[in-house]
Amino acid sequence: MCVALPGLAISTEQGQLTGHGLEGFYRAGRRLLSRCQLRVSGREPLAMQARMTAADQARFVGTLRTTPGVGPDPDVVIERIRQADGIERIIFRSAAVRPLRLPVEVALGTDLADLSAIASGSVGPELSATVHDSGLRWTCPTGNATVTANPPPMDALASAGLLRWELELPPGGTATVELRVRPEGAGPLRTASRTGANPLAQARAAGDDPRVAALMRTSVEDLQSLLLRDPSHPTDTYLAAGAPWRCGMAPAEALAAARMTLPLGTRLAGGTLRTLARTQVTAPGPAQGMIPGPRRDAGPHVPPGCTGVEATLLFPTLLAEARRWGLPEQETAELLPTAERCLAWLRTTVGDSTYLCDPQPVGPVRCETQAHAHRAALLGADLLDAHGRPGAAELRQWAAELRAAFRADFWIEDHAGGRPAAARTPDGRLLPHLGAAAVHLLDTGLLGEGEPAPGLLDRARTEQLARLFESHAMDSGWGLRGLSTKDAGHNAFGHRAGAVRVHETAIAFAGLAAAGHEKEAGGLLRGLLAAAEHFGHRLPEMYAGEQRFDGSAPLPHPAACRPAATAAASGVLLLTALAGIRPDVPGRTVTLRPVRGAPLGEIGFTGLRIAGAPFSVRVGRLGIAMVEEAADGLQLGA
């Protein structure tokens with residue numbers, strides 16, 4: 001899958017586009033070309049290799065024997081370079097000792113179907129083509145597409161959808177045919193990462209473990225491929241949720257991914273926050289101050305939750321932490337009123353009670369929602385104080401009350417040491433199911449001077465949660481399951497009932513490492529790195545929570561996006577958490593708390609960004625960190 005949104009190119013490993021399933025070139029959710037089948041001398045090339053060469057480009061290699069009676073060796077190598085922007089280059093290389101004349105034909109077709117129609121299986125037949133310029137054209141009431149060829153074909157047969165060439169190759173010679181697929185009249189695809197609006201630093205990682213370099217490089221490339229621009233404010237970029245199914249804005253996931261990628265700079269955070277600030281509900285009513293978001297399935301034991309609640313709580317959290325990483329004060333001040341309205345919605349909605357239910361007004365009290373709300377209150381109070389705004393003391397007081405109540409009400413004691421409740425129902429029952437949503441209890445947020453905010457769990461219960469995450473019931477060996485194997489309703493493919501959701505495992509690793517539980521964190525780190533290697537370091541948003549054993553591989557999930565914003569951002573979080581980077585740009589310090597024991601040996605990062613300037617750090621095999629490059633005036637914290 002080649003991705004450079006709004007462009008996609010989806011292929012099988014054979015390289016031929018046959019029109020089956022999802023195959024084809026896409027732009028903005030419409031399939032422009034579904035069939036592109038190459039034949040040389042009347043035969044299909046023998047497929048030999050298919051590889052991704054970048055997030056937006058794949059290379060397919062095939063061979064052909066055109067000279068009879070000369071043994072088994074092919075004398076023509078055919079290379080197809082397919083790009084998400086709708087360009088395909090077909091390169092013919094001759095290894096023959098005599099000149100070759102190659103009859104080449106490409107069969108083209110399309111249904112101009114929307115991705116949603118393809119996903120639901122309601123695709124119509126192929127459309128009739130007409131000859132257009134140096135290629136073919138298709139049209140329907142809702143759109144059109146053209147394929148143009150260079151060099152122009154000798155023949156273009158609209159009725160069969162065929163383009164034909166006669167190529168002359170001298171001994172050892174090459175020839176190239178280039179196809180361009182696009183809507184009629186449209187120019188070249190202009191992606192956010194190629195127009196000067198790329199907000200992500202080109203960070204690199206290197207170390208004793210060779211996987212870290214590949215994971216960082218692929219994660220950054222995947223993030224760049226998912227960048228979109230706000231149409232009304234093109235300088236503001238944000239991340240689409242994932243390809244192919246979710247190529248648009250998902251507010252909670254966009255905010256979460258921007259937060260995990262703060263080590264790559266604050267420009268993505270700023271663009272995401274400004275884009276979502278323009279969607280905030282301002283009309284009087286119960287939703288005033290919310291960032292809207294759709295409902296989301298939450299597994300077999302609780303009803304769907306509202307991602308708008310999560311997004312509303314993530315907004316002030318991301319703004320506060322982006323300021324610590326160096327978001328300019330002017331941008332912070334411009335976004336502060338939106339954050340204040342988010343915090344006002346939180347306090348108004350909670351009212352005289354302690355807990356925040358989700359969805360409003362009568363949904364369950366979810367464990368993870370309380371973690372998001374507690375973090376938003378503490379980091380939001382920090383933000384208000386920094387700008388001389390009222391309300392910080394009230395937020396801190398409520399957070400303290402929530403912390404005390406949660407510790408008293410939300411812990412279920414049992415013979416194994418207890419566990420946090422997944423939720424409390426409206427009638428007061430605690431749901432004892434253990435799932436990966438509990439990782440958010442470990443994600444407490446960053447305050448000033450490199451200090452983490454207090455969490456909802458005390459030290460002893462954090463240690464117990466670490467033990468639970470280390471158990472085989474939760475840790476599949478490839479990452480944390482969405483639901484424990486011991487709980488009713490477990491399904492290894494259930495996206496919130498047992499599948500491994502990559503960002504939850506990355507958050508758990510970072511949280512456990514920060515809390516000093518390196519042993520349990522190290523197991524999750526090794527599992528996720530092993531899974532990444534099996535997926536070519538392009539992590540999907542989720543995969544099956546089947547137990548790992550010798551010789552096994554993680555099972556892909558049929559509905560997972562790959563690449564996905566939160567999964568690609570998780571690669572950045574997973575690796576940079578090893579260095580324990582905790583900046584406080586307003587205080588002109590950066591504190592380093594590397595993971596003790598250096599679980600991957602020596603590791604170094606270059607091209608990160610703090611305070612808008614390059615930041616490089618290296619952690620040695622003894623777990624000692626050293627800053628190698630930083631902004632002027634930035635001091636190492638205690």
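## Legends to the close-up views

**View A. Strands β4 and β5 run antiparallel and are joined by three bridges.** β4 covers residues 24-27, and β5 covers residues 30-33. This is a predicted model, in which local features need pLDDT of at least 70 and side-chain atom pairs count only at pLDDT 80 or more, whereas totals for chains, interfaces and linings use all residues. Residues are numbered from 1 along each chain as its sequence is written, and side-chain values use heavy atoms, with hydrogens and water left out. Strands (E, at least two residues) and helices (H or I, at least four) are DSSP runs numbered from the N terminus; two strands pair if DSSP finds at least two bridges between them. Phe 25 stands opposite Leu 33 in β5. Two residues separate β4 from β5 in this hairpin, and Ala 28 in the turn has a positive phi of about 50°. β4 is also joined to β2 by four bridges, again with antiparallel strands, and Leu 8 has Tyr 26 of β4 as its bridge partner. In a regular strand the side chains alternate between the two faces of the sheet. Both faces of β4 are covered: Gly 24 and Tyr 26 are buried on one side, Phe 25 and Arg 27 on the other. Here, buried means under 20% relative accessible area, exposed means over 50%, and partly exposed lies in between (1.4 Å probe, protein chains only).

**View B. β30, β31 and β35 form an open sheet with mixed pairing.** The order of the three strands is β30-β31-β35. β30 (581-584) and β35 (635-636) stand at the edges, each with a single partner strand, so one side of each has no neighbour in the sheet. Two bridges pair β31 (residues 589-592) with β35 in the parallel sense; Gln 635 in β35 is the bridge partner of Thr 589. The loop between β30 and β31 contains Arg 588, a residue that has a positive phi of about 60° although it is not a glycine. Arg 588 counts as partly exposed, at 33% relative accessibility.

**View C. The second largest pocket holds about 970 Å³ of space.** Of its 34 lining residues, the closest to the centre are Met 1, Met 52, Phe 535, Arg 538 and Arg 562. The elements that give two or more residues to this lining are β2 (7-10), β7 (46-54), β8 (57-64) and α2 (211-225). The lining divides into 20 nonpolar, seven polar and seven charged residues. A pocket is an open set of points on a 1 Å grid over the protein atoms alone, with protein on both sides within 12 Å along at least five of seven lines; a cavity is a set where a 1.4 Å probe fits but cannot get out, and lining residues have an atom within 4 Å of a point. Grid points are joined across faces, edges and corners, and a volume is the space filled by probe spheres set on the points. Ala, Val, Leu, Ile, Met, Phe, Trp, Tyr, Cys and Pro count as nonpolar, Asp, Glu, Lys and Arg as charged, and the others, Gly among them, as polar.

**View D. The largest cavity holds about 50 Å³ of space.** The structure has three cavities of 30 Å³ or more. The residues that line the largest cavity include Ala 371, His 374, Arg 375, His 440 and Asp 443. By class, this lining has four nonpolar, four polar and two charged residues.

**View E. His 517 lies in the loop between α10 (502-514) and α11 (518-534).** The residue is buried, with a relative accessible area of 13%. Not counting residues up to four places away in sequence, His 517 touches Thr 462, Glu 463, Ala 466 and Leu 512, where contact means heavy atoms within 4.5 Å.

**View F. The peptide bonds from Asn 150 to Pro 151 and from Arg 562 to Pro 563 are cis.** Omega is near 5° for the bond to Pro 151 and near 10° for the bond to Pro 563. Pro 151 is in the loop between β14 (143-150) and β15 (155-157), and Pro 563 is in the loop between β29 (542-543) and α12 (565-576).

**View G. The whole structure contains zero disulfides.** A disulfide is a pair of cysteine sulfur atoms within 2.5 Å. The sulfur of Cys 247 is 7.0 Å from its closest cysteine sulfur, in Cys 561, which is too far for a bond. For Cys 357, the closest cysteine sulfur is in Cys 306, at 11 Å, also too far for a bond. Cys 247 is partly exposed, at 28% relative accessibility, whereas Cys 357 is buried, with a relative accessible area of 12%.
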